[in-house]
Amino acid sequence: SLRRTLYGQNLIDVPVKSYMRLLLEEVLNPFYVFQLFSVVLWLFDHYYYYAGCILLISLASIALTLYETRKQSSTLRSMARLVVSVTVRRATGEEEVLSSEQLVPGDCVLLPPDGLLLPCDAVLLEGECMVNESMLTGESVPVMKTAVTRGEQQYCPDAHRRHTLFCGTQLIQTKGRGIVIVTRTGFCTAKGDLVSSILHPQPISFRFYSDAMKFLIVLGVLALIGTVYSVVILVQSNVTVMELVVRSLDIVTIIVPPALPAALTTGMLYAQSRLKQHGVFCVSPPRITVSGKASVICFDKTGTLTEEGLDVWGVLPRDGGGFGELVPDPRLLPPGPLLWVMASCHSVCLLGGQPLGDPLDLKMIESTGWELVESAGEGEPGTDLTMMKPPAFEQQPQGIMLSEPLLIVRRFPFSSALQRMSVVVRPKGGHGAQTLLKGAPETVASLCHRDSVPAGFSETLKQFTSEGFRVLALAHRPLELSDSELQVMEREAVESELQFLGFLVMRNLLKPETAPVITTLRSACLRTVMATGDNILTAVNVARGCGMVGGGERVIFVHATPPLGPTPPILRFVLESEDGAQGGTEALPQGLYQQGGGSYHLALTGESFSVLCDYFPEHLPKVLVRGTVFARMSPEQKTQLVRALQGINHRVLMCGDGANDCGALRAADVGVSLSEAESAVAAPFTSRTDNISCVPLLIREGRCSLVTSFALFKYMALYSIIQYSSVLILYTVSALHVCFSVSLSVCVYILLNISLPLSLSPSRPPARLLSMTVLGSLFLHTVLLLLTQTSALLITQAQDWFVPLNATVVVGAGNLPNAENTALFSVSGLQYLTMAAVLYKGPPFRCPLYTNVLFVLVFLCLLGLLCWLVLAPLPWMCRLLKLLPLDDMAFKVLLLALAALHLISAFMLEVLVDSEVLNCVQRLRGARQSKKLYKRLDLSLREQPDWPPLDQPLLTPPGTTINLS
């Protein structure tokens, strides 16, 4: 009871707010408070149509927001809330069935053999478990969990992941006595941490959003100026105090567009809907816009760029002091440790009679012809051992006699940090246990007796990996111990003093979609990077195969070694040799490999990357700018790589299968997990397609959404300025403005969002609102708008039939209808529509205007309606809209001609803006350095033909060791 009081209930309880509470919180948003204030003011001032239109849009936006918020909260609550019945063993030995809500750290829980949805984080003390962790990682392949060895170092969930069962994951099967100790409950679990990250996401630092707030401040300053001007004019007109207050506040509601939040949200909702139709699910819609500014794309290799499964190419056994001939069919191997490793060193289990596990392990077992069966009662009491049974006699190759099955006594599953896995086996009914191990060749060789490693180890490994094969090294060690002694033996002791057996050579094919997608990304000037745990030469070969490294481009390997005793840390750059391996500089003289710009790529391992971060921070940014292949990277190093790229101002998009990339996916600006689990929260985006074709799709949608947001912002600003200027002009002549034309055009801005993205282009859309192009465009359009409206007023006053307003009547409805208001109504109403067409941005980021059929139809209908109101309005229309009936058709046509002239002028002005004519001022001032560090570094490297110095050891100056990890 004391522990329950201390830790509380084991429950991840996501609050689902009522619609009323959500409504109050949403309405209290500053924008909606401003909208409500504006609507009340307009209703008070008899602007019924405009107020009704804005109110309708706001209510629709609020209703949609409430529905989506409530739906997401309910979905998250159902995903997070988990209550099951569990069996707890007390200190007295008694067993008690209770609700998982009552679990606290320290409880001993018995796992059922037929599976369980785990309600807490726990460490496995006894037995083996097969667990599906797709909800947390997105990885669909189940993982094996083994019992933690007693007497190991202090328990840590990250360091002992292979012994830890995480909350929210699905326990598929338990072998033996499954006993766990609860370590974390509630929001302290791994699932609770992910749910918390969804409830409280990391703030997005994006220039567009910060500039938007600054731009609103600029509009606020304009509102202040307009308010002061209107007060002066209205005081001179002797209006009442109430009328003065209403008219002054009206200026504020005009210049600051109250419908702006709904306008910006609509574009992201359209993009999110289109992504969902393509099987890409998003839990953070604002990151759609961020993806449009991605500058570097990081990919995992296995399962992302290449197929998940591997084909066995052959086995290369050790023969004396060297290697023998390649055995293409493992079934032809003679009985012995090499065949036993192939058949037994895996983490596969049976579920419903079907083998389940890593595709690599499944292919390896299949190549040997051995069969996996469960053997009850062969081990210690209460345990079931996995048995590997050789093929039947009639299926065995001629001259091979296999009859003795093997029992897997102990398993140490694959660890990304250790880069190896091992098992302990013994013959069924016999003695003489064996440690069988497979893993990364360099790692395995370091665990073997030096005299057992063949002399041509490195050269043979380079030969296979440079040709794109995946190579695993195999080793064994005899053990004369009983099963009980093996169960308590630590992993380090089991995996030591090994004898090298040979290489397992496997072929990993590229997915058919990989090369075209990489070509598309590089054609769009998007940098592609590979971060993998595989061998560096294999990774370079895959990079060449998929197009990350072009045919005429060379690879330079980065070797960085940490200090060893008196030897200081050393950094060396080695040019790739002609055979694809790491060679010297005989192929090209120093400085010639950089010809043609950035025609070389750097490749390095995780170890070298760590040394660079710790001892060569001055070279790290340059390596990041030119680095393409990062091999033998641990999950933590992938995360560190993403943050380092962000440190040089890159917008990083990370794409992986979720297995070892969770940290990097969550650290990236945009993370894409390739997973069939829609509810996976390993990344902001989850794609159901198992290839990288979703990446260009997401970037296209992001660019389209960003360009749409820019167009909407400019349109909303200009539509406010149109109304702002017309109101001030009419105040000057003691007239009142009519807002029906604004009501007609409000629906147009929503239709600006309905546009499909085009293919990727080499340029990226801008993210700065406060730039010379945007501000200059708004300023020039404002001048053009003012000239057009002023011209309409002057033309009206120059007509023979014009009668000036009665100066004795104050500004208000008493002056309606009048010629000034009617003329400005006609011109400004058309300006609202024409600006929507002018600011519609098509290629290269969105489809052309004519493809947006709905926009074109609404535009033409509204244009026809306004032209009808100008040329031949019906009497009841004139009374309704307070318009002055005019009989002068020439004057009406002149107003339409003036509006057409404005359309042509605005269109030509926007064409000039798009052609970056406004940037000529900056060009006259001279080229300025980019604010992006990676761009400055890239330019600097292009001007340094002697970097990197090939085959020249670089040393860290004494006393300058810096740790950036």
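Q: Are H26 and H29 roughly parallel to each other, or antiparallel?
A: The axes of helix H26 (residues 819-838) and helix H29 (residues 889-914) cross at roughly 30°, and the two helices are therefore roughly parallel to each other. Angles under 35 degrees count as roughly parallel, over 145 as roughly antiparallel, 65 to 115 as roughly perpendicular and the rest as oblique.

Q: What should be kept in mind about the model and the numbering?
A: The model is predicted, so local features need pLDDT of at least 70 and side-chain atom pairs pLDDT 80 or more, whereas totals for chains, interfaces and linings use all residues. Residues are numbered from 1 along each chain as its sequence is written, and side-chain values use heavy atoms, with hydrogens and water left out.

Q: And how are helices and axes defined?
A: Helices (H or I, at least four residues) and strands (E, at least two) are DSSP runs numbered from the N terminus. Axes are lines fitted to C-alpha atoms, for helices over the stretch in contact, and angles run from 0 to 180 degrees between N-to-C directions.

Q: Within what distance do the axes of H26 and H29 come, then?
A: They come within 9 Å. The crossing of H26 and H29 is right-handed, meaning that the near helix is turned clockwise from the far one by less than a right angle.

Q: Which residues make that contact?
A: On H26, they include Ala823, Val827, Leu830 and Val838; on H29, Phe891, Leu895, His902 and Glu910 are among them. Contact means heavy atoms within 4.5 Å. By class, the contact of H26 with H29 has 13 nonpolar, 4 polar and 1 charged residues. Here Ala, Val, Leu, Ile, Met, Phe, Trp, Tyr, Cys and Pro count as nonpolar, Asp, Glu, Lys and Arg as charged, and the others, Gly among them, as polar.

Q: What about H27 and H29, at what angle do they cross?
A: The axes of helix H27 (residues 853-871) and H29 come within 9 Å and cross at roughly 150°. That makes H27 roughly antiparallel to H29. Cys867, Val870 and Leu871 of H27 meet Met889, Lys892, Val893 and Leu896 of H29. This contact of H27 with H29 has 6 nonpolar, no polar and 1 charged residues.

Q: Where is proline 844?
A: Proline 844 sits in the loop between H26 and H27. A cis peptide bond joins proline 843 to proline 844, with omega of about 10°. Tryptophan 947 and proline 948 are also joined by a cis peptide bond, with omega of about 5°. Proline 948 belongs to the loop between helix H31 (933-942) and strand S30 (954-955).

Q: New topic: what is the phi of glutamate 497?
A: Glutamate 497, although not a glycine, has a positive phi of about 55°. Glutamate 497 lies in the loop between helix H16 (491-494) and strand S21 (499-507).

Q: How many cavities of 30 Å³ or more does a search of the whole structure find?
A: The search finds 4. On a 1 Å grid over the protein atoms alone, a cavity is a set of points where a 1.4 Å probe fits but cannot get out, and lining residues have an atom within 4 Å of a point. Grid points are joined across faces, edges and corners, and a volume is the space filled by probe spheres set on the points.

Q: Which residues line the largest cavity?
A: Val86, Leu103, Cys120 and Val180 are among them. The lining of the largest cavity has 11 nonpolar, no polar and no charged residues, and the space inside is about 60 Å³.

Conventions:
On a 1 Å grid over the protein atoms alone, a cavity is a set of points where a 1.4 Å probe fits but cannot get out, and a pocket is an open set with protein on both sides within 12 Å along at least five of seven lines; lining residues have an atom within 4 Å of a point.
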